[in-house]
Amino acid sequence: QGRGLGGRASHRRVDDGEVVAPWARSSMAFDHGCQFFQGGDAEFREKILDPWLAAGLAAEWQGKFAGAGDFFGIGSETVYVGVGGMHTVTAGAAQMLECNHSNFVARCGVRVGAVARAGDRWALSGVGGEAAIHDSKLKSSDVEAARAAAALGEFDAVVVTDASAAQESWHRASAGLPEAFLAMSKRVRDRVRVAMFTAIVAFEERVPVPYDASSFQDSTLWFAAKTNSKP
């Protein structure tokens with residue numbers, strides 16, 4: 001549902017007031033999803049992180065960190081970011097998979113709108129173009145009408161990673177899952193979830209703040225970071 005690979009590792013570029021593709025030249029750029037990640041355990045580092053570091057997809061964020069709050073270990077743990085934006089990690093990882101596995105294909109800008117059983121496989125239908133983008137300017141009714149317009153293929157398994165995709169058909173992000181899926185996913189949807197919102201702010205002049213990121217003990221503001229302080 002995005003212009004490029006990323007998901008929670010979203011990165012936005014803006015040029016002349018317009019949102020452009022994550023890889024395009026721009027006057028402003030922001031990580032507005034996941035801000036960083038940790039090294040994890042030894043197995044994660046050996047099999048995933050070290051290859052990313054070697055390939056130049058990720059690097060340690062050696063910023064100046066401050067704050068009295070606790071934001072996923074920032075300031076007390078070594079953290080890493082995608083080089084040139086957090087989306088680099090996901091896009092680069094997908095490219096590595098495509099190079100090493102002939103049956104792996106990453107599709108950007110495609111919205112799955114219907115999932116149905118086809119024998120012992122799953123048939124997916126969806127749409128590309130403007131109707132596929134999550135922040136499309138099209139009316140919701142137009143998006144719903146176009147959602148399952150084309151066959152995307154048949155697959156052995158379907159993995160749903162976003163609770164919003166398991167919403168009923170009226171929801172803009174619905175993937176048109178079968179009733180059996182919806183009944184099972186209801187247990188996830190009914191759990192208490194804390195809404196988190198990102199404010200993307202650009203200043204005309206450099207802000208004289210002596211740190212690159214800070215956590216806060218505040219009911220409204222939890223974390224703030226300078227995207228341009230990242231490698």
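Trainee: Which element of the chain has the lowest mean pLDDT, and which the highest?
Mentor: This is a predicted model, in which local features need pLDDT of at least 70, side-chain atom pairs count only at pLDDT 80 or more, and totals for chains, interfaces and linings use all residues. Residues are numbered from 1 along each chain as its sequence is written, and side-chain values use heavy atoms, with hydrogens and water left out. pLDDT is the predictor's confidence in each residue, from 0 to 100, and helices (H or I, at least four residues) and strands (E, at least two) are DSSP runs numbered from the N terminus. The lowest mean, 64, belongs to helix H3 (residues 140-146), and the highest, 96, to strand E5 (residues 58-60).

Trainee: What is the mean pLDDT of the chain?
Mentor: Where pLDDT is low, the predicted coordinates should not be read in detail. In this chain, 81% of the residues reach 70 or more, and the mean pLDDT is 82.

Trainee: Why is one side of strand E8 and of strand E10 left without a neighbour in the sheet?
Mentor: Two strands pair if DSSP finds at least two bridges between them. The open sheet has 3 strands in antiparallel pairing, ordered E8-E9-E10. E8 (110-118) and E10 (150-155) stand at its edges, so each has a single partner strand.

Trainee: Which residue in E9 stands opposite Ala 118?
Mentor: E8 pairs with strand E9 (residues 121-128) over 8 bridges, in the antiparallel sense. Opposite Ala 118 stands Arg 121.

Trainee: In the sheet E2-E1-E3, which residue in E2 is the bridge partner of Arg 13?
Mentor: This is an open sheet of 3 strands with antiparallel pairing, and its edge strands, E2 (18-20) and E3, each pair on one side only. Strand E1 (residues 11-15) is joined to E2 by 3 bridges. The partner of Arg 13 is Val 20.

Trainee: Which residue meets Lys 230 in a salt bridge?
Mentor: A salt bridge is a side-chain nitrogen of Lys or Arg within 4 Å of a carboxyl oxygen of Asp or Glu, and the count by this rule is 4. One of them has an N to O distance of 3.0 Å and joins Lys 230 to Asp 31. The pair links distant parts of the chain, 199 residues apart: Lys 230 lies in the segment after strand E12 (223-225), and strand E3 (residues 28-31) holds the partner, Asp 31.
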